[in-house]
Amino acid sequence: MLITDLKAKETIVSLVGDKKAFIINCQGCKEVHFPEKEAVELQKELAADGKVTGIITTDYICNTENLELRLEKHMSEIDAADVIVVFSCGVGVQTVAERFEDKKVCAACDTYPLPGFQGVTPLEYDCDQCGECYLNLTGGICPITACSKSLVNGQCGGSKNGKCEVDSNMECGWERIYRRLEQIGRLDLIKCPTQLRNFATDAEVSK
C-alpha cells in the first residue's frame, strides 16, 4: 500500500504559473490514501483563474490502454494545455509523461510507503515511494528507478552508447531524462541544485 500526499499549494500553483493546464485525477487504488477534498478545492481555484482547459477523474491511469480510452474525448483540451498536472502516485505521473512526451507533465502529489498489499503495477513505471518526488525536476522520469544506481545528481561516467554499465540491456536513465527535458524545452532544470529530501516527512506521513 501507499499514501499520496498533496504537495504544497504554492508548489502546485508555481508548476502551472501563467500557463494553461489540463488536470488528471487518479482514484483507482482504493487502498491508497488520496487527498480528494484538498485536490478538488485547489483545482477549483485554478479553474476560477482561467488556467484549466479541462479536468478528468478516472481510475488506474497506470494501465496505458485504460488511460488512452479515458483521454480520447479530451484530446482537444489536452492540446490546448501547456502543462498536464497529475494528481496520483508516481506510477501514474510516469505513465502520463510517457504518453505525452512533448508536454510538460507535473506531479501534484508525493508518494509514501505504507505496509500492506499494493496491487498490480506495470513494472516499467516503477515508483520507489520515496517521499518528496523528483519527477517535476526530471521531465516525468524517475531517477531513483530509471537509474540502476538511483543517482539524483546526473549521469555517472559508466554508461556507454546510451546503455547502463550495470545492465547493458537498460537505457541510461539520465540520458532519457536529458532527452525528455530537451524535448520540452526545460534543459534549464539540469542546472538546478539537487532537491534535498526531508526524510522526517516520510516517517510522519506513514504513521
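The entries below record what I looked up.

I note that the model is predicted, that local features need pLDDT of at least 70 and side-chain atom pairs pLDDT 80 or more, while totals for chains, interfaces and linings use all residues. Residues are numbered from 1 along each chain as its sequence is written, and side-chain values use heavy atoms, with hydrogens and water left out.

Entry one, the helix. I looked up α1 (residues 9–16) and found I12, L15 and V16 buried, where buried means under 20% relative accessible area and exposed over 50%, with partly exposed in between (1.4 Å probe, protein chains only). The buried residues of α1 fall within an arc of 100 degrees when seen down its axis, so they line one face of the helix; the arc is taken from the directions from the helix axis to the C-beta atoms. On the other side of α1 I find E10 and S14 exposed. Helices (H or I, at least four residues) and strands (E, at least two) are DSSP runs, numbered from the N terminus. Just after α1, G17 has a positive phi of about 60 degrees.

I place T58 in strand β3 (residues 52–58), and T58 is buried at a relative accessible area of 9%. Leaving aside neighbours within four places in sequence, its contacts (heavy atoms within 4.5 Å) include N25, C26 and R70.

I find R99 over the face of F100, at 4.5 Å from the ring centre; a charge counts as over a ring if NZ of Lys or CZ of Arg is within 6 Å of the ring centre and within 35 degrees of the ring normal.
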